[in-house]
Amino acid sequence: MEWEFTDYDRKLAADLGSYLGVSPILGALLVQRGYVDPLRAKMFLRPKLADLDDPFRVRNLRSAALRIIDAIDKNENILVFGDYDVDGITSTTLLVGILRRLGANPSYFVPRRMEEGYGLSKAALERALSGGKPALLVALDCGTNAADAIRYICSQNIDLIVVDHHQSKEDPVPGHILINPHAYAIEGTPWRNLCTVGLVFKLTHGLIKELRLRNDKRSWEIDLKDYLDLVSMGTVADLVPLTDENRILARYGIKRLKFSKRTGIQALIQASGISLGEDITPVDISFKLGPRINASGRLADASLPLEMLLGDDFTTCYRAACELNDINKERQEIERGVLDSAMRQISDEKLDDYPCIVVYDRSWHPGVVGIIAGKLSREYRKPVVVFGEVDDGITKGSGRSVPGVDLVECLDSCSDMLGSWGGHPMAVGVSVRESDVPVFRKRMAEIISQKYGDIIDFAPKVRVNLVLDASDVGLELLDELELMHPFGEGNREPIFVLKNILLEKPPELFGGGQNFRFQIPLSEGAWINGVAWRMSDRLPPAGKGVDFAIKLGWNRWNKRKIPQATLIDWRLSE
């Protein structure tokens, strides 16, 4: 892989570090991320909940809050209609929990993916409304582009609020309340890129704020910080940029996860193999907690994790969490088979030559195509769309992108050949006629080449932030890097290079021979443990000068933390 070194203003980095009381290394990382203003840099390093913007600045949020309060005051029936992924499930849990605390008794509903499809589909609405029509329906993480469903709901004399973050394809349908910063020309606001659970948090903030102005006793008994555990899970799992308000909510929410009072989350944490009281990381959310919630919606019924998160009996919640474990194992088995098949297809048909990889097989389970798209996108460092099962000549798929390529924008350019589609820049859902998959592949290749050919280089690269001296690596640096957490979309974990390192002993294989451990000597006889994942085919030699590209951090395990370097790439020193 080519190593690409990031340039920056060294004097500005040193001055910024001095002003903030941190090292020039951290100052450099801030400058590279665009935080050159000292006040903005300080807010990034030390975000506060008090920095959250007034919820009523979000368009239509005040109208939504007032309508919900009116429904509570009149004891009207409220239906909360959520989506079946982590963002949708946590959004539904958050709003239902707050409404209950405010004296309402809302019903709630999540579609069955396999039978009813995504969002406000006809089949889902028929089941949701079969028990009677509510006075108010609140749709979460879906609905922005459901024009026909919105018209139908309104025709039934049901008031509708949609809270969503998926990009809109046309002007909003009148007659309902839409909270979605992407549906209006709103740029530069700190809540622009909130996912749905973040927007629901702001909606509940608005509810509490309005009720406290009315001196409503119930509102003073609610501490919204207790709901940040849900917000962090949805935010990290949904791949939204961890900047601005997303960063604030995720950072505080991840801390709350460790001590969550929510019985369902305690059960999920334990069933995921994490000890209560152990630090939770974004990686834990992405690879342990989130997949277990998602698995149920992909293969079974998403009401299971929803009931778990709303539950208060530990035995019942833990039983549900264990069932989610079993479903997740089934999902992993299905996923392995589909992934192997997809990679063979890419190799056999040389699809990795395309700027966007499009793979398809009618035998692939539709519940895992999004996961496969994500894995392939990371493997090939390109946008990927995966299509699976066919229904009435239509195949549904999921797409995942790479930084810099907006999949929604690309799909909009070929919308004439699409069925239902939507999402956000990094993740989309899309359907086409089975016979049109080859045409879609060609169109996407042309669109991405035209839009991004001169901008995006898909060749594998290691984007190095800084070259460090061995003496720079110490406990102080690792502690400083903690100030930049959480890492994720929009705030990538920094990569450092250590040059001309001589390993004193050969690396040691582990994990079935796929991974290896090694020790990097530092200054004055010190060293740091290194680990390399799935790189056993490229072992660095002992006794020769080697340049290492690594990530640095604390390895937390069994309530202990140990300094660790994670190997990204290596090459012989010049």
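The model is predicted, with local features requiring pLDDT of at least 70 and side-chain atom pairs counted only at pLDDT 80 or more, while totals for chains, interfaces and linings use all residues. Residues are numbered from 1 along each chain as its sequence is written, and side-chain values use heavy atoms, with hydrogens and water left out. Buried denotes under 20% relative accessible area, exposed over 50%, and partly exposed the range in between (1.4 Å probe, protein chains only). Helices (H or I, at least four residues) and strands (E, at least two) are DSSP runs numbered from the N terminus.

- In helix 1 (residues 10–20), the buried residues are Ala 13, Leu 16, Gly 17 and Leu 20.
- These buried residues fall within an arc of 100 degrees when seen down the axis of helix 1, so they line one face of the helix; the arc is taken from the directions from the helix axis to the C-beta atoms.
- An α-helix has 3.6 residues a turn, so residues three or four places apart point the same way.
- Helix 2 (24–32) and helix 3 (38–45) are what the buried residues of helix 1 pack against, where contact means heavy atoms within 4.5 Å.
- Helix 15 (residues 303–310) has six of its eight residues buried, so it is largely enclosed by the rest of the structure.
- The buried residues of helix 15 are Leu 304, Pro 305, Leu 306, Met 308, Leu 309 and Leu 310.
- Their cover includes helix 5 (86–101), strand 3, helix 11 (228–237), helix 13 (263–271), helix 14 (282–299) and helix 16 (314–348).

**Nonpolar cores**

- A nonpolar core is a set of buried Ala, Val, Leu, Ile, Met, Phe, Trp, Tyr and Cys residues joined through side-chain atoms within 4.5 Å.
- The largest such core has 101 residues, of which Phe 81, Leu 94, Leu 120 and Leu 137 touch the most other members.
- Helix 9 (residues 196–213) supplies the largest share of this core, eight residues.
- Apart from neighbours within four places in sequence, Leu 94 contacts Val 197, Val 200, Phe 201, Tyr 227, Leu 230 and Val 231.
- A second, separate core of 42 residues includes Leu 466, Leu 522, Val 546 and Phe 548.

**Aromatic pairs and charges over rings**

- Seven aromatic pairs are found in a search of the whole structure; rings of Phe, Tyr and Trp (its six-membered ring) pair if their centres lie within 6.5 Å, and planes under 30 degrees apart count as stacked, over 60 as edge-to-face and the rest as tilted.
- The ring centres of Phe 81 and Phe 109 are 5.0 Å apart and the planes stand at 35 degrees, so this pair is tilted.
- Phe 81 lies in strand 2 (residues 78–81) and Phe 109 in strand 3 (residues 107–109), so the pair ties together parts that are 28 residues apart in sequence.
- Phe 81 and Phe 109 are both buried.
- Phe 510 and Trp 533 have ring centres 5.7 Å apart and planes at 70 degrees, so they form an edge-to-face pair.
- This pair links distant parts of the chain, 23 residues apart: Phe 510 is in strand 15 (residues 508–510), and Trp 533 is in the loop between strand 17 (527–532) and strand 18 (545–557).
- Phe 510 is buried, at 18% relative accessible area, whereas Trp 533 is partly exposed, at 44% relative accessibility.
- One aromatic cluster is formed by Phe 516, Phe 518 and Phe 548.
- The charged end of Arg 10 sits over the ring of Tyr 8, 4.6 Å from its centre; this description requires NZ of Lys or CZ of Arg within 6 Å of the ring centre and within 35 degrees of the ring normal.
- Over the ring of Phe 44 sits the charged end of Arg 247, 3.8 Å from the ring centre.

**Cysteines**

- With a disulfide defined as a pair of cysteine sulfur atoms within 2.5 Å, the count is zero disulfides.
- Cys 195 has its closest cysteine sulfur in Cys 142, 14 Å away and too far for a bond.
- Cys 356 is in no disulfide, as the nearest cysteine sulfur, in Cys 410, is 7.4 Å away.
- Cys 195 is buried at 0% relative accessibility, and Cys 356 is buried at 0% relative accessibility.

**Lys 551**

- Lys 551 belongs to strand 18 and is partly exposed, at 25% relative accessibility.
- Lys 551 and Glu 493 are 58 residues apart in sequence and 7.2 Å apart in space, C-alpha to C-alpha.
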